[in-house]
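Subject: Handover of a structure and notes on it

Dear colleague,

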Amino acid sequence: MTSLTVTDLHKGFASQPVLRGIDLDVADGSLTAILGPSGSGKTTLLRVLAGFDGADRGTVRLGDLVVDDARHRTPPERRHIGYVPQEGALFPHLRVADNVAFGLNRRQRRSANVRDLLDMVGLTGFERRYPHQLSGGQQQRVALARALAIRPALVLLDEPFASLDVGLRASLRTDVARVLRDAGTTALLVTHDQDEALSLADRVAVVRGGRIAQCAAPRELYERPADAELASFLGAANLVDGVVAAHAVQTPLGELALRSDCLGPPQPSPGVVLVRPEQVEIGSAGHPGLAGRVTGCEYHGHDAIVTVEATEPAGRSPILVRVAGGGHWADQEAVTLVAHGPVVAWTRREADGPVAPEPGRPVEQPAT
Amino acid sequence: MLLWNTVRLAVTVTLLCAVIGTLTAWCIERTELPARSILAVLVVLPVAIPDFIVGYGWVSVAPSVHGFPGAVLVMTLALYPLVYLPVAASLRGADPAHEEIARSLGWGRLRTFWGVSLRQARTAILGGCLLVALALLAEYGAFEILRFQTFTTEIFTEFQVGFDAPAACALSLVLVALGLVVLLAETGAGRGGVRTSRTGPQVARLPRRAPLGRALLPTLAGFLVLCGLALGVPIGTLVYWMARGGSTTLPGTSIVSAALHTALYSAAAAALATVLALPVALVAVRHRRPTTVLLERSTYVVQALPGLVIALAFVFFSVRYLPFLYQSPELLVLAYAVLFFPLALVAVRASVARAPSGLEEVGRSLGRRPLGVLWRVTLPLVAPGLAAAFCLVFLSAVTELTATLILVPTGVHTLATQFWAYETNLSYGAAAPYAAVIVGIAAVPSVVLGRWFDRMPSPAAVVVS
Amino acid sequence: MRASRSRGAAALTGAALVVASVAVAVPIGAGPAAASSSTTITLYNGQHEQTTDTLVSAFERQTGITVKVRSDDEDVLANQVAEEGSNTPADVIYTENSAPLEFLQEKGLLGPVARSTLAAVPSQYNSPRGDWVGVSARVSVLVYNPGIVPASRLPTSIMDLASPKWRGKLGIAPGETDFQPLVTSIERSRGHAAAVRWLQAIKANAASHTYPDNETLTAMVNQGQVGLGVINQYYWYRSVDENGKASTHSAIAYFAPRDPGYVLDVSGAAVLRSTTQRAAAQRLVAFLVSAAGEQILAHSKSYEYPLGSGVSTAQALRPFDTLQPTPLTVSQIGDGQGAVALLREVQLL
């Protein structure tokens with residue numbers, strides 16, 4: 001069953017269009033991440049869904065109920081949508097327990113509800129504190145408990161972890177995902193952090209230019225993005241020139257198999273291939289493969305990204321290689337590169353056009 | 001001549017108030033000045049002293065204080081707190097990080113003050129200047145004592161000596177026009193003003209205070225001179241007359257009854273003005289459109305009109321259409337509320353602007369209707385602003401004289417009317433206790449106000465910390 | 001802390017709102033309790049309050065009629081009555097000068113005063129049309145500071161004040177209603193051009209010593225800020241009362257008989273045409289000029305001359321019948337607008 005259906009949603013401010021036709025289905029009980037760069041309209045989408053702003057065109061359905069069809073708009077208080085804003089936005093004049101119980105009537109408040117909710121977000125015994133006596137992470141937990149208290153059909157989370165430090169962010173987002181799943185609540189999480197979207201969500205919808213560019217499960221999105229630009233947006237990517245055939249691509253890194261769910265053109269034609277850095281293997285000079293020279297190394301501890309410039313032909317964009325455990329490759333060291341499929345590729349609209357990330361035509365076979 | 005007098009006085013006093021108000025606010029908020037908390041109260045107190053008492057104090061201490069220089073001196077001392085209060089609040093709320101960044105980029109302390117601190121406080125300075133300029137346009141009592149002619153004193157002359165109400169009203173139109181010019185100037189200067197709110201989510205740090213070093217003694221001396229002139233002279237005069245004793249021939253009226261009436265009328269007016277200001281502020285801040293901005297700004301024009309003109313308008317209106325209300329306490333309270341509505345609006349508006357609208361949206365999403373959200377979220381958040389508005393209107397009403405004399409219920413004495421009765425009969429000794437009680441009653445809200453502006457948590461601190 | 005403070009503020013504001021709205025809803029103590037059984041009338045009082053209050057209490061004791069008194073400057077009250085028109089709550093108006101009464105009479109807002117009341121006062125002190133009655137009078141004099149101007153060098157005519165020798169020594173209060181009869185008097189005796197010249201001269205002589213009212217002028221002469229000025233005699237007597245003999249450094253002197261500066265100002269009372277309590281209102285006005293009322297004035301510290309019922313002042317003033325003021329009638333003084341126009345012409349207003 002679908003919990004939320006958005007159809008052709010448009011919204012602009014002062015004749016400046018922000019959303020230009022959003023289509024989105026969110027399944028009951030799922031956690032969907034809305035991923036997009038700053039200014040892509042994610043927060044606007046959330047505000048329209050919550051009912052703070054009205055749609056200019058299109059419809060928003062909650063279950064079978066139309067809550068906004070650009071003419072009639074159900075006010076926020078009648079939508080039953082929980083909302084967790086960027087910085088928690090706890091009511092500063094209310095204690096934690098009163099914040100959580102804000103949306104409950106007197107009878108609901110008397111039941112042990114509030115304590116249960118606080119237990120659930122790991123804040124047992126914090127009832128009588130004021131918001132300013134809490135850390136940032138604790139405030140976010142209270143905000144989540146407050147949103148869940150009204151047993152909402154849908155919870156909207158607007159970059160809820162953006163203001164937290166890295167360690168806290170990681171632990172809190174796992175907790176939040178667990179709480180949401182335990183509560184069985186459908187949730188929509190807005191974020192600009194790819195890691196966050198890919199690691200937390202059941203599905204990720206990427207917003208670009210006011211539309212949903214792609215909506216898919218995290219693995220599918222990462223491995224089979226709809227176009228080259230999405231590929232780069234979702235993580236480190238090598239967009240390599242190649243000749244695309246029916247089942248394989250010819251690249252400077254060798255011949256790579258196309259993913260089984262992709263079908264190339266019948267006649268080999270020039271295109272762009274997505275090779276993730278972890279698909280490239282680096283070896284000492286002399287091994288078979290593309291000869292090159294190390295020009296940089298980005299050390300991450302658990303792994304490293306090594307930048308290699310091909311010797312021949314010069315001027316080609318450098319290739320990124322992910323190396324487990326950190327690279328022991330010296331600067332300017334001569335190396336060879338080999339890649340492993342399967343990969344995704346797009347044919348070029350024009351053979352002599354610019355190299356990626358000009359959006360190419362996807363060559364994927366229709367899934368049906 | 002009148003126009004020239006009015007304009008040059010407004011410009012000179014407004015500039016002086018801006019300088020004094022800003023400097024005192026900066027010294028108290030951003031330097032290691034000793035006894036800051038006491039000074040913070042003292043510099044606000046002059047607003048509690050009615051202009052006619054200030055003017056009288058000066059004339060009796062130094063009769064040479066008159067004309068343009070006298071008016072500049074007295075009005076600057078009486079009005080600079082109107083700049084001090086908002087500027088101090090804004091300096092307290094502004095992010096000290098900006099000043100630190102400027103210093104780290106090699107800007108000196110003076111350049112930082114000029115280029116960063118002042119810019120942050122710009123909106124507050126302009127807001128304060130607006131109040132000062134409008135108050136100057138409407139001022140009468142002090143100028144009469146100081147023998148300085150402005151449009152307002154001319155209105156009184158037309159009215160009192162010439163029995164010429166139409167001419168007085170025509171002159172009032174000039175005042176309205178001047179008020180509009182001031183408003184436009186403020187709007188124009190305010191446009192492009194920088195937003196001073198914090199951009200990052202971090203909790204506000206308390207600003208590091210600048211050590212005064214060798215400047216300490218001159219600064220302290222400056223504060224002493226300021227307080228001495230602004231407080232010492234009028235209060236000293238009152239004490240002198242009280243010590244002289246009231247060898248008055250006037251019958252004694254209960255000072256307690258006068259004080260009670262004064263407090264009751266003023267409190268009712270303050271509550272009414274505050275309640276009326278809330279929706280206007282909410283609409284002006286939350287639904288900012290040309291029409292709502294116009295609505296909000298237009299209410300400030302009232303501030304440029306002398307109490308006499310507004311009181312007469314109330315007489316004209318109520319005698320014809322609401323005769324049962326005429327000279328009733330309710331009408332006086334309503335007149336006060338209209339007279340001082342702009343003051344209430346300034347305070348409430350600042351508070352509403354600081355209350356994050358996001359909190360109201362969260363309230364809505366949790367199933368509360370707009371009215372419920374107003375009651376349970378907005379009101380508690382803007383409560384300090386409501387209290388401030390209440391105090392501002394209260395202390396203005398306590399010290400009001402001209403409208404009170406015209407609209408007060410027949411037979412009722414307030415502190416101001418009683419002071420006037422004695423003062424016009426040269427019974428300064430008998431008048432002094434009434435003036436003292438006026439100052440005493442008005443001082444309470446002034447101190448509350450000072451503390452509110454002083455301690456007002458910055459917006460981000462409310463949300464995050 | 002912060003939150004609790006804001007909650008405290010909310011409670012405070014809330015409480016204040018409740019108190020205030022209750023206060024508004026319930027009519028706030030409407031002054032002295034008005035006994036509903038007895039008659040109540042309203043007096044607009046522009047006279048000095050001490051005088052009026054004593055008179056009113058005596059009247060209330062004598063008649064059982066309750067009088068609500070509203071005090072303000074006489075000119076403000078006159079304007080207020082003009083604004084209120086026939087809806088005015090006032091039944092009686094009592095002013096310091098005849099001009100405001102003449103102004104209201106021209107507007108047709110005054111009703112006739114009972115003939116018997118008018119008869120208690122010599123007719124030259126009443127409205128020629130019988131719309132108001134003179135109650136008391138005072139006379140214009142020079143107030144001077146002997147330390148600056150010795151008595152021997154004082155001018156004997158108000159016209160002499162135009163001499164340049166008084167430059168820097170003369171103080172004036174041209175905005176004071178008492179100033180207008182002087183101007184009217186000079187214009188009538190010396191002509192328009194001479195009056196303008198005289199005004200221009202004293203304006204130059206006074207320069208910055210231009211004061212808002214006679215009280216201030218009197219105080220300034222006493223303090224030695226200026227040497228002399230023209231006031232009504234009672235201001236000086238009251239300032240002696242207020243400051244005590246020891247602190248009095250000024251004295252008064254009379255002009256030569258019938259000098260245009262030697263002007264008698266009449267304070268009067270009238271019944272409003274629109275009153276619904278005509279009988280009670282007439283009783284109050286009658287009381288003011290009765291022997292009982294005038295005796296109160298005669299003994300009061302207002303230092304005015306009683307005009308009615310043949311009563312003489314009990315204070316140590318120059319006896320009324322020895323005064324030799326300029327022959328200027330109340331109708332010549334009128335509502336003062338001629339004098340105001342002159343003052344405007346020389347920009348003293």
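In chain A, Val306(A) stands opposite Val321(A) in S18(A). Strand S17 (residues 303-310) of chain A and S18(A) run antiparallel and are joined by 6 bridges; two strands are said to pair if DSSP finds at least two bridges between them. Helices (H or I, at least four residues) and strands (E, at least two) are DSSP runs, numbered from the N terminus.

This is a predicted model, in which local features need pLDDT of at least 70 and side-chain atom pairs count only at pLDDT 80 or more, while totals for chains, interfaces and linings use all residues. Residues are numbered from 1 along each chain as its sequence is written, and chains are lettered from A and ligands numbered from 1 in the order in which they are written.

Sheets of chain A

S17(A) and S18(A) belong to an open sheet of 5 strands with antiparallel pairing, in the order S15-S19-S16-S17-S18. Its edge strands, each pairing on one side only, are S15 (280-284) and S18 (319-324) of chain A. From one strand to the next the twist averages 45 degrees; axes are lines fitted to C-alpha atoms, for helices over the stretch in contact, and angles run from 0 to 180 degrees between N-to-C directions.

An open sheet of 6 strands in chain A has mixed pairing and the order S6-S7-S8-S3-S9-S10. Here S6 and S10 (211-216) of chain A are the edge strands. Neighbouring strands of this sheet are turned by 20 degrees against each other on average, direction ignored. S9 (residues 203-208) of chain A runs antiparallel to S10(A), with 5 bridges between them, and Val204(A) has Ala216(A) in S10(A) as its bridge partner. H1(A) packs on the sheet, where it touches S3, S6, S7, S8 and S9 of chain A, and its direction makes about 150 degrees with that of S7(A). Helix H5 (residues 136-149) of chain A lies across S6 and S7 of chain A and runs at about 170 degrees to S6(A).

Helix H18 of chain B

Helix H18 (residues 357-365) of chain B is mostly covered, with 7 of its 9 residues buried (20 or more other C-beta atoms, placed from the backbone, within 10 Å of the residue's own; exposed means 12 or fewer, and partly exposed lies in between). Among them are Leu359(B), Val362(B) and Arg364(B). The buried residues pack against H1 (42-50) and S6 (81-84) of chain A together with H19 (370-398) of chain B; contact requires C-beta atoms, placed from the backbone, within 7 Å. Gly367(B), which follows H18(B), has a positive phi near 95 degrees.

Chain C

Chain C holds 13 helices and 9 strands, and buried residues make up 57% of its 349 residues. Its domain assignment, which is automatic or from a database, gives domain 1 (13-135 + 267-319) and domain 2 (138-263 + 334-345). The C-alpha centres of the two domains of chain C lie 29 Å apart. In chain C, 12 residues of domain 1 are in contact with 11 residues of domain 2. On the side of domain 1 that touches domain 2, H4(C) supplies the largest share, 4 residues.

Phe287(C), Leu288(C) and Val289(C) in H10(C) meet Ala292(C), Gly293(C) and Glu294(C) in H11(C).

Yours sincerely

Note on methods. Contact = placed C-beta atoms within 7 Å.
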